[in-house]
Each structure stands twice: as C-alpha cells, then as structure tokens.
Amino acid sequence: TLNDKTLNIACAYAPNAELKMLNKPIPKAEFGEVVLHVRATGICGSDVHFWKHGHIGDDYVHQPCGAGHESAGEIIEIGEGVSAEWKVGDRVAIEAGIPCGLPSCQFCLKGRYNACPKMIFFSSPPIHGTLTRFHAHPAAWLHRLPDNVSYQEGALCEPLAVALAGLQRAAVSLGDPVLICGAGPIGLVTLLSAHAAGCFPIIITDLVASRLEIAKSLVPTVQTLKIEREWSSSDIAEKVKSIGGDAPVEVALECTGIESSITAAIYSVNFGGKVFVIGQGPTVQSYPVGYCSMNEIDLQFQFRYAHQYPKALRLVSGGLINLKPLITHRFPLEKAKDAFAVAGDYSQNSIKVQILD
Ligand code: NAD
Ligand code: ZN
C-alpha cells in the first residue's frame, strides 16, 4: 500500500500514549468544501503532547484522533458552492481553525475569530487533523500558495502565523531592542519575524545550546544567551541587561510559557516595556505583578491567530522570511509514527519534523 493513492491513511493519537495509523474513507466534498491531497504537514508540540499525555487542559483523547494542523496540499476535487477561483490542481496552505463566521457571533463579527466558541480546529479531539492523505476543507479557509512557495513552506505558515499575530499585538517597531525567550520552533519563527520587522538588537535565550546555534545561523546578528537551570529569574535578567548595554529591552516576546522564564522576561524589560507571552504554560502561574506595577510593564497574552496567513505567505514569497532551514527532518506519510518518535525525543535535536506525501 506504499503511496497508494486510493487509500486514505492518517496518523492519529490514541489513549495510553499510543500512535495509530488509521485507514479512513476518502472524504467527499460537502457544500463549500474541496478535497485536498495533503502534501506536507509539520508536527507541532501540541500534537506530541496529545500523543504522550492524552490531553491538553480539558481536551482529552478518548478515541483515536487524527493529528496535525500545520498543512499544505493540492486540490483534487471541488464541491458544490465553491467559488470559481478554485480549480483542481491549485496549491494551498490550509488554515486549520474554522470559526462559525456568523453575524450572531460577536468574536467573528469583530474579526477576532480565534475566539469563536464554535471554532472547529482540526486535530483538537475529537476532530481529526490534517495529517492524512486526503482531507475535506472549506474552500474559504484555504490560502493560495504563490508559485515560489513550496508545500513545506506553506505548512510552516501555521507556526509563522502564531508569531505574526504576536508581533502585531505586541506592536514592535523598527529599532526596538527585543528579547525572545526560548528558541524552539515558535521562538525561531518569532526571531525571523522580529528581525524582518526591523527589531534591533535582538537577544534570544534557551537552555539548549544547539537551538541557539540554529538561531544564530538564521539571524547572524542575534545575540544568544544560554540559560543554566540553576539561574534565578533575576540572574537571567541581569545577564540580559548586561548584553543589552545601552539598548535596554523594550519588548520581550516570551516563547516558552514557563513561569520562571516569564518572570525573567518581566525583570529584563525597561521601565514602560512590554512582556508579550506567546508561550502557553499551566493554567495557574504566579508573576511579580507588583514589580510590573512599579515599572509600568504591560503583560499580554495570545491565543492562536486571526488574519495572519495572507501576510505569512507574502513575507515568505517576498523573501523577507526564509522558513526552509527550520525543517530538520522529513518522513513519508507511511512513516508518520517514526516522524513522531523524532519530534518527541529531545535528544534528536529536531526543530520542525514534516511528513510529506
Ligand atoms: P518547544 O518546547 O519546542 O520550545 C520551547 C523552547 O524553550 C525549548 O527550546 C526549550 O529548551 C526552551 N526553554 C525551556 N525553558 C526555558 C527557559 N527557562 N528559558 C529559556 N528557554 C527555555 O515549543 P514550541 O513549539 O517552540 O512552542 C513554544 C511555546 O509556544 C509553547 O508553550 C507552546 O504551547 C506555545 N504556543 C503558543 C501558541 C499560541 O497561540 N499562543 C501557539 C503555538 C504554540
Ligand atoms: Zn464565531
């Protein structure tokens, strides 16, 4: 069955930290939908978390649920009611969260559709994800790939959308000294975005030296700070301040979600600065709020993104952001479980693992 185009296989997380390859029926395009051949899907930290822990917050894996929401593919069938702009063979990035879009929904009406309470987010149990050969999707939530953007780059527009949403709301601007905490995939796309936005100087932190080396290879002017586990948040802030010198950090883009790192970010920014938390940690954390008050530090948070895909594709197509070096491992769909094994093993030093078909 290797590369059998008549078989719709999918990689699914299942209860008890199991991964399963499923055989699924080939989907039909419902009204307004197209059927896609998914050509590239990246594994996200949340996919690995659902696999290993069986839940994220209150979302539990009760039965096998297809993984994946960072995908790009090719249209192979057009359903009724789909706009004439779409043709079989078109190459698209797939926006995996489908809000209700109804005028009765205040969030959709305001354009903050990431807050839509009726959001269908592929790969959030029990809704199967896009890590499958064939996937039916509302045409309205597809974004055409420019000719010079590959499926692999199209798939990486999902984490890029997260970073761009963060930068937009953090309102960073040209010449802002910026701190980025964490050099995982989200920290690295945030680095690429902040660099493209003209932030300078940029400091990036991580506990893992190899991730900082990748940061340096992506943006040679970035200054790296390797954090030691025994350092306190104030220790970290002191080092950040000494690296920053006479360009104190105005905005920290926090990309770990870890309490001690968020606290270090708070202590690192200048009076009147901002800590923008893209990372997502435990529901309850404690921060030095009194310090924020005395130093007029704004603390802001983020949930996914809205309206970022077109921008992401423009920036990639226009050469302002190069996502290609982030892909460290590629596997065929039949070997999706091996891909997860690499993505879930810290010692493999992966950044982005993608599954191609
Ligand atoms: P990741 O785990 O691959 O990367 C986190 C990095 O932070 C790692 O390299 C780790 O070594 C480093 N780190 C850990 N503790 C640190 C510390 N104290 N100081 C500095 N670095 C430290 O995860 P990722 O895929 O890059 O995602 C990063 C965060 O973004 C996660 O919390 C994830 O849940 C979150 N996220 C948020 C959104 C959103 O909508 N806000 C969307 C996607 C991901
Ligand atoms: Zn809505």
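Two strands count as paired if DSSP finds at least two bridges between them; helices (H or I, at least four residues) and strands (E, at least two) are DSSP runs, numbered from the N terminus. With that in hand, Ile-9 stands opposite Asn-23 in S2. This is a predicted model, where local features need pLDDT of at least 70 and side-chain atom pairs count only at pLDDT 80 or more, while totals for chains, interfaces and linings use all residues. Residues are numbered from 1 along each chain as its sequence is written, and chains are lettered from A and ligands numbered from 1 in the order in which they are written.

- Three strands make an open sheet with the order S2-S1-S6 and antiparallel pairing.
- Its edge strands are S2 (18-24) and S6 (65-66), each of which pairs on one side only.
- S1 (residues 8-14) and S2 run antiparallel and are joined by seven bridges.
- Helix H10 (residues 336-343) packs on this sheet and touches S1 and S2, with a direction at about 150 degrees to that of S2. Contact here takes C-beta atoms, placed from the backbone, within 7 Å; axes are lines fitted to C-alpha atoms, for helices over the stretch in contact, with angles running from 0 to 180 degrees between N-to-C directions.

**Around strand S7**

- S3 (residues 33-42) runs antiparallel to S7 (residues 70-78), and eight bridges join them.
- In that pair, Val-34 sits opposite Ile-78 of S7.
- S7 also pairs with S8 (residues 91-94), in the antiparallel sense and over four bridges.
- Here Glu-74 faces Arg-91 in S8.

**The six-strand sheet**

- Six strands in the order S15-S14-S13-S16-S17-S18 form an open sheet with parallel pairing.
- S15 and S18 (298-301) are its edge strands, each pairing on one side only.
- From one strand to the next, the twist averages 20 degrees.
- Four bridges link S14 to S15, and the two run parallel; Asp-206 has Lys-226 in S15 as its bridge partner.

**Helix H6**

- Ile-236, Ala-237, Val-240 and Gly-244 are the buried ones in H6. Buried means 20 or more other C-beta atoms within 10 Å of a residue's own, exposed means 12 or fewer, and partly exposed is in between, with C-beta atoms placed from the backbone.
- Looking down the H6 axis, the buried residues fall within an arc of 100 degrees, so they line one face of the helix; the arc is taken from the directions from the helix axis to the C-beta atoms.
- Ser-234 and Ser-242, on the other side of H6, are exposed.
- The buried residues of H6 pack against S13 (178-181), S14 (202-206), S15 (223-226) and helix H7 (259-268).
- H6 lies across S13, S14 and S15, running at about 160 degrees to S15.

**Ligand 1**

- Ligand 1 is surrounded by 27 residues, and the closest are Gly-182, Gly-184, Ile-186, Gly-257 and Gly-279. The cut-off is a C-beta atom, placed from the backbone, within 6 Å.
- Helix H4 (185-196), S14 and H7 each supply at least two residues of the shell.
- H4 gives the most, with three residues.

**Gln-152**

- Gln-152 is in helix H3 (residues 151-170) and counts as buried, with 20 C-beta neighbours inside 10 Å.
- Leaving out residues up to four places away in sequence, Gln-152 touches Ala-40, Ile-327 and Gln-354.

- Most residues other than glycine have a negative phi, and most peptide bonds are trans.
- The Pro-125 to Pro-126 peptide bond is cis, with omega near 5 degrees; Pro-126 is in the loop between S10 (120-121) and S11 (134-138).
- Phe-200 and Pro-201 are also joined by a cis peptide bond, with omega about -5 degrees, and Pro-201 is in the loop between H4 and S14.
- Ala-17 is not a glycine but has a positive phi of about 50 degrees. Ala-17 sits in the loop between S1 and S2 and is partly exposed, with 13 C-beta neighbours inside 10 Å.
- His-307 has a positive phi too, near 65 degrees. This residue lies in the loop between S18 and helix H9 (309-317), and His-307 is partly exposed, with 14 other C-beta atoms within 10 Å.

Methods. Two residues are in contact if their C-beta atoms, placed from the backbone, lie within 7 Å.
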